[in-house]
Amino acid sequence: MSHHFDTKLAKEDPSLNVCDLYLFEGSPTSTVMAMTVNPDVGLSAPDTLHIEGLYAFRFDLNDDAREEIAFKFRFGEPRHADGDEHRHIQKFQVYRSTGHAIGGIKGELLIEGETEKVQKQSGVQAFVGIAPDMFAGDAFALHGFLNAFYKEKRYGSEAFLHRQDFFAKRNVTAIVLEVPSKMIGHGVVHAWATASLFGHAPEMQVSRWGLPLITHLFLNDPDNQELKEHFNRSMPSDDLTSFAKPIADFAATMATYAASVVNPVEYGKQIVSRLCPTTLPYELGTAGAFDLAGFNGRPLGDDVMDVMLTLASNKPLEDGAVPDRNRVRHEFPYVGEPYTKEEQQGVTPVPRPSKN
């Protein structure tokens, strides 16, 4: 859950909260894309997807920070699973949209099926269901770190000494799609994920994810929380205009407090060039890796929080939490079995934040 409860609508309905995006090579000549929603599903969030929700993987193919192709999921009314009132099943359809069909539900119907089952058709595989959260991080420590930054005007790295993974043994809803890479394109692409409302009214974007912790780390000024709403409603093509300055200012000030650079302003510019537009780059057909050396997709087991913390200050910083890599499968759908109720004994449900 590198992004959770970023917006008012996400607080009202966790199924519209895009928590994370993953992008990596699947079987030979195929690419896997996965997003997670419903933070803390089963404990503090329901297991359903919004019936007027549109969940999209969007790809920029020509470096203009606008999508040329999108893969979109749409869900039907939920029903109880085998008489279990606590579990639900929904039908879904997946569309591939390009050109004039890029908006709303248009384009080629690729595959359809039901949640909690792997669907296969013509080289395409899809899965939607409850899965273990593969994001790891010390959320309370991050709060303390940012409190030291904004209120005490200092670099508070000691906040991360407790080494606790707030997200351990929590589940999310995973939306996973594997397609032949030629369905996307070739070479380096730039991806992001969105959740939108699309029913009787025009499509309205609710949540956007391009890189981890952008809103929780770089755009989390207590006096300007509207930046998060703006980010989630916007497109990557807006990023340089709307978010370059606050991101640069945050990185420059954090590096100043950390005494890690000679020229903080120049460092802020370097961070903007790395993070804006806020999309996930990936060279199709290569091994993915999200690390300090560079971003090339994001495999399920990469520890992204340490990367983003270090980039924020230009100083090595680790929170001591790592993803549970034993929960990763080597075959589709790649996400492992969700944590059982027995495994979640003692895990405190995430408090639902105020809608205000």
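Of the 356 residues in this protein, 56% count as buried. The model is a predicted one. On the solvent side, the protein exposes about 15,100 Å². Carbon and sulfur atoms supply 52% of that area.

The secondary structure comprises seven helices and 16 strands. The radius of gyration is 19 Å, close to the 21 Å that the globule rule gives for 356 residues, so the protein is as compact as a globular protein of that length. Along the principal axes, the C-alpha trace spans about 55 × 50 × 40 Å.

Contacts reach across the sequence. Take those between residues at least 6 apart in sequence: 65% of them join residues at least 24 apart.

Charge comes next. The protein carries 34 positive and 48 negative charges.

Now turn to one helix, α2, which covers residues 139-152. Its 14 residues should span 20 Å at 1.5 Å a residue; the end C-alpha atoms of α2 are 19 Å apart, which agrees.

Which residues of α2 are buried? They are Ala141, Leu142, Phe145, Leu146, Ala148, Phe149 and Tyr150. Buried here means under 20% relative accessible area. What covers these buried residues of α2? The cover includes three other helices: α3 (214-218), α5 (239-258) and α7 (304-313).

Conventions: Residues are numbered from 1 along each chain as its sequence is written. This is a predicted model: local features need pLDDT of at least 70, side-chain atom pairs count only at pLDDT 80 or more; totals for chains, interfaces and linings use all residues. Side-chain values use heavy atoms; hydrogens and water are left out. Helices (H or I, at least four residues) and strands (E, at least two) are DSSP runs, numbered from the N terminus. The radius of gyration is taken over C-alpha atoms; the globule rule is 2.2 Å times the number of residues to the power 0.38. Buried means under 20% relative accessible area, exposed over 50%, partly exposed in between (1.4 Å probe, protein chains only). Contact means heavy atoms within 4.5 Å. Accessible areas come from the Shrake-Rupley method with a 1.4 Å probe; for residues, only the protein chains shown count as cover. Lys and Arg count as positive and Asp and Glu as negative; His and the chain ends are not counted. The place of a charge is taken as NZ of Lys, CZ of Arg, CG of Asp or CD of Glu. The expected span of a helix is 1.5 Å times one less than its number of residues.
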